[in-house]
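Please look over the sequence and the structure before reading on.

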Amino acid sequence: MMCSLWRGFSLPLTTSLNRRFLKCCRQLSRSYNIESCIPEAVAFQGVSDHSGLYKFSVNESDRFWGAVARQRLSWISPFHTVQNCDFSQGKIKWFEGGKLNVSVNCLDRHVHTSPERVALIWERDEPGTEVKITYRQLLELTCRLGNLLKRQGVRRGDCVTIYMPPCPLAVASMLACARIGAAHNVVFAGFSSEALADRIRDAQSSTVITVNQGVRGGKVVDLKRTVDQAVQNCPSVQQVLVAMRTENTVAMTDRDVPLEEEMMKEDVVCEPVAMDSEDVLFLLYTSGSTGKPKGLVHTQAGYLLYTALTHRYVFNYHDRDVFGCVADIGWITGHSYIVYGPLCNGGTTVLFESTPVYPNPGRYWEMVERLGINQFYGAPTAIRLLLKYGDEWVQNYNRSSLKTLGSVGEPINTEAWEWYHRVVGDGRCPVVDTWWQTETGGICIAPRPSDPEAEIVPGMAMRPFYGIKPALLDTEVGGALSHSSNDSTGALCISQAWPGMARTIHNHHQRFTETYFQPYPGYFFTGDGAYRSKEGYYQIVGRLDDVINVSGHRLGTAELEDVVVCVYVFVVLKKAVMVQEDVLAQQLREMVSRSIAKYACPDFIQVVRCLPKTRSGKIMRRVLRKVVERNTDELGDLSTLDDPDSVHEVIRGHQRLR
Ligand code: 6R9
């Protein structure tokens, strides 16, 4: 029974159950047409063209978001106030008075119209073994899990920790929480037991959901064992639900509950709870540059609306497209663009379990061909890695299904952008470089949020999404001066609220206001620096805490990274490149003085095998800086570090160089 659940999801569904089921859905859903677009929603308000619509969305944000929320979401009862926000207190509330259930919006209403449409394609580690789950099946799994959670004592307002790789039961677990009114706290299944324990303790979870083992890049990982170690130090945990990803048995204690076995005993109908718009949907921990990880809080209606809308318009997603976001569900990208945005839109979304180089560097593109992926969304770090292996790995596969290529997580340097566009997209797919954060909930700046024909400049995030009003503030004078003209640089802030933004840091509202609203009063501060071009397009120049000062000139890291990585340069060479270090150093110095300026020339150049990166692929620059400053006792929070050896190697190499 367990295996069939993982392999084929061939759950029996009797006609009578089916009827009950649909009746339940019908009561909850209103007619919904994914093809209807925003301009129609606000057309009655006299707006017809795209730039007019953007202006309307920021100038008349209540009318804009009110109309879109009524059109796009199914409400159990309507909201009375569109927004009630005050940045000075960090108060953000949207759609007050409204009641809805997120799982109904993501599942039931699509089951009502097209039950056999594929919701999830689970791209398992071994190529060619994918599993497809329809909306009907996903609703069934969600309901059974919801009932199981209730039987295990999970109540509305509780927070369930999910420690699972991307798989249908992980998505069903998230939606089951939403269905019964619990919050979820997904922890990336690559985190150590200490990092997991920290997050479970902070969230005060009584229930953890995990799998016996994970499978990634041909390797089996004992996830349940990590959970066992973690919960030893988590007194709040009363039970661990264990799904079987592999057939290997694991030791079970009194606390452990065999998930598939128990959920199969449950009913396939689970009454959705009517949630207030501002009830918590999930916590997601993200590490700051100092201090403990922050549990950012997202709520129901605003988050769902914002992810659905950005998913539809930034990627130009259309009904029946196959959306392939290769992030992990443990990051905000996975939450917003694998789960909530695509499912709210009734889309088909891919869950990628493997790595970009398993079993070989053609994996992504072989998958694109086999699954017919239309929108591919990945990270610059993977693009840079694949570029090193050469074009053939891409060209071996048919990529004609691709329509849009997305990038997220870091600035995408020109070489990677150009390769992605020319080689992967055959020069015919727009590359959308999407800027956003865990804190923003969804994409805020992207090339084509409103106009599928708009110009795209390589390496620029370009334009704000509907309702997003960016501002560049002067970092030197404490934000007193705001740059309103074009061709200027500053701290990237957002000057009015949008529905997708985080509401607080779990249990630390003061830290929330201090971090995001106090640095520039009246604005949400992103922590990133940006440049606004003469044409008014935005380019992200990297984290402000990464800004480096060379001979009195402020340099954003992205600017330098276009050529090399930093002024103390760490160089990672392409595979099979053999070069003497001093020759390389000379060449790099010449490149920098030619492309940027003489003053930017690096003093030290260190060749390394790899850079210390977070598990989501961001370079941990603060760690590099500490190494260079010889402050290796103060490396800070390393819980997100992917490969601990990388730091030791960098330290050893640095010592050799001095
Ligand atoms: C979605 C995500 C957020 C930080 C953000 C910025 C960097 C993300 C970017 C980008 C340049 C882009 N970032 N997208 N920088 N261009 N397109 O990654 O969320 O993990 O919270 O990271 O990532 O520095 O502030 P999160």
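The sections below cover the model, the ligand site, a surface patch and some backbone features.

## Basis of the model

The model is predicted: local features need pLDDT of at least 70, side-chain atom pairs count only at pLDDT 80 or more, and totals for chains, interfaces and linings use all residues. Residues are numbered from 1 along each chain as its sequence is written, and side-chain values use heavy atoms, with hydrogens and water left out.

## The ligand site

The ligand is surrounded by 16 residues, of which the closest are Asp433, Thr434, Thr438, Asp528 and Arg543; a residue is near a molecule if one of its heavy atoms lies within 4 Å of it. By class, this shell holds six nonpolar, five polar and five charged residues. Here Ala, Val, Leu, Ile, Met, Phe, Trp, Tyr, Cys and Pro count as nonpolar, Asp, Glu, Lys and Arg as charged, and the others, Gly among them, as polar.

A polar side-chain atom of Asp433 lies 2.7 Å from a nitrogen atom of the ligand. Oxygen atoms of the ligand also take part: one is 2.9 Å from an N or O atom in the side chain of Gln437, and one is 2.6 Å from such an atom of Asp528. The ligand taken alone exposes 530 Å², and the protein buries 90% of that (Shrake-Rupley method, 1.4 Å probe). Helix H13 (332-344) and strand S28 (538-543) are the elements that give two or more residues to the shell; helices (H or I, at least four residues) and strands (E, at least two) are DSSP runs, numbered from the N terminus.

## A nonpolar surface patch

Val577, Val579 and Val583 form a nonpolar patch on the surface, with about 190 Å² of accessible area together. Val579 is located in the loop between strand S31 (568-571) and helix H20 (581-595). Val579 counts as partly exposed because its relative accessibility is 34% (buried is under 20%, exposed over 50%, partly exposed in between).

## Backbone features

Most residues other than glycine have a negative phi, and most peptide bonds are trans. The peptide bond from Tyr358 to Pro359 is cis, with omega near -5°. Pro359 belongs to the loop between strand S17 (348-352) and helix H14 (363-371).

Gln204, which is not a glycine, has a positive phi of about 55°. Gln204 sits in the loop between helix H9 (193-203) and strand S8 (207-211), and at 54% relative accessibility it counts as exposed. Asn507, not a glycine either, has a positive phi of about 65°. Asn507 lies in the loop between strand S26 (504-505) and helix H18 (509-516), and its 59% relative accessibility makes it exposed.

How values were computed: Polar contact = N/O pair within 3.5 Å; in protein donor to acceptor, adjacent residues only side chain to side chain. Patch = residues over 30% accessible without salt bridge, like charges linked within 9 Å, V, L, I, M, F, W, Y side chains within 5 Å. Salt bridge = Lys/Arg side-chain N within 4 Å of Asp/Glu carboxyl O. Buried < 20%, exposed > 50% of the residue type's maximum accessible area, 1.4 Å probe, protein only.
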